[in-house]
Amino acid sequence: MNKLALFTSAAVMAAATMGFTGTAHAQEKTRDKVTITDSVPNRGLIWSGVAVLGTTYGISTVVATLSDNPADRALWVPIAGPWIDLGTRGECSGERECNAETTHKVLLVANGLGQAIGALQILSGFIFPAKRTVTEVGTVQIIPLGKGLAARTVF
């Protein structure tokens with residue numbers, strides 16, 4: 001009877017153990033990830049500054065080339081040229097000439113402001129950099145090594 005009880009209890013334990021087991025799952029392939037956050041120059045701000053400065057300085061060079069007024073030769077100097085020209089312009093004579101001179105001075109101020117804003121945009125693109133986040137997923141390589149194998153992650 002002792003053997004029968006032992007055999008019966010072993011059979012009950014085996015059946016109970018088989019009833020409670022779960023499903024086996026294979027391990028999923030995992031990859032190493034590296035996330036890098038760094039600062040890069042703000043290209044949008046730099047390129048918009050190049051466009052503004054380039055356009056206004058281009059207009060200055062055309063005026064410096066075509067104008068008969070000797071003060072307009074200062075427009076060859078970027079950023080400071082419109083302000084130098086504004087300070088060295090002579091007095092006007094006659095109402096019609098004074099109206100045109102007032103328009104020229106307003107345009108010089110606008111041109112000087114445009115060049116200054118463009119230069120500040122370019123400078124600000126480097127002073128206030130943009131944040132960039134890059135996530136790289138590595139691959140696992142299996143390498144034969146002596147009498148065994150080695151694994152390494154390559155990014």
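The legends below describe close-up views of a predicted model of one protein chain.

**View 1. The protein chain as a whole.** Four helices and four strands make up the elements of the protein chain, and, read from the N terminus, these elements follow the order α-β-α-α-α-β-β-β. The protein chain has 155 residues, of which 16% count as buried, and it exposes about 11,700 Å², with carbon and sulfur atoms supplying 65% of that area. Where contacts in the protein chain join residues at least 6 apart in sequence, 58% of them link residues at least 24 apart.

**View 2. Helix α2 and what covers its buried residues.** Helix α2 covers residues 43-66, and its 24 residues, at 1.5 Å a residue, should span 34 Å, which agrees with the 34 Å between its end C-alpha atoms. The buried residues of this helix are I46, G49, L53, T56, S60, T61 and A64, and their cover includes α3 together with α4, the latter formed by residues 95-127. In an α-helix there are 3.6 residues a turn, so residues three or four places apart point the same way.

View 3. D72 is found in the loop that lies between α2 and α3 (81-88). With a relative accessible area of 5%, D72 counts as buried, because that value is under the 20% cut-off. Its side chain makes a polar contact with the side chain of S67, at 2.4 Å. When neighbours within four places in sequence are left aside, D72 is in contact with V63, A64, S67, D85 and R89; of these residues, A64 is also among the buried residues of α2.

Terms used: Residues are numbered from 1 along each chain as its sequence is written. This is a predicted model: local features need pLDDT of at least 70, side-chain atom pairs count only at pLDDT 80 or more; totals for chains, interfaces and linings use all residues. Side-chain values use heavy atoms; hydrogens and water are left out. Helices (H or I, at least four residues) and strands (E, at least two) are DSSP runs, numbered from the N terminus. Buried means under 20% relative accessible area, exposed over 50%, partly exposed in between (1.4 Å probe, protein chains only). Contact means heavy atoms within 4.5 Å. Accessible areas come from the Shrake-Rupley method with a 1.4 Å probe; for residues, only the protein chains shown count as cover. A polar contact is a pair of N or O atoms within 3.5 Å; within protein, one must be able to donate a hydrogen and the other to accept it, and residues adjacent in sequence count only if both atoms are side-chain atoms. The expected span of a helix is 1.5 Å times one less than its number of residues.
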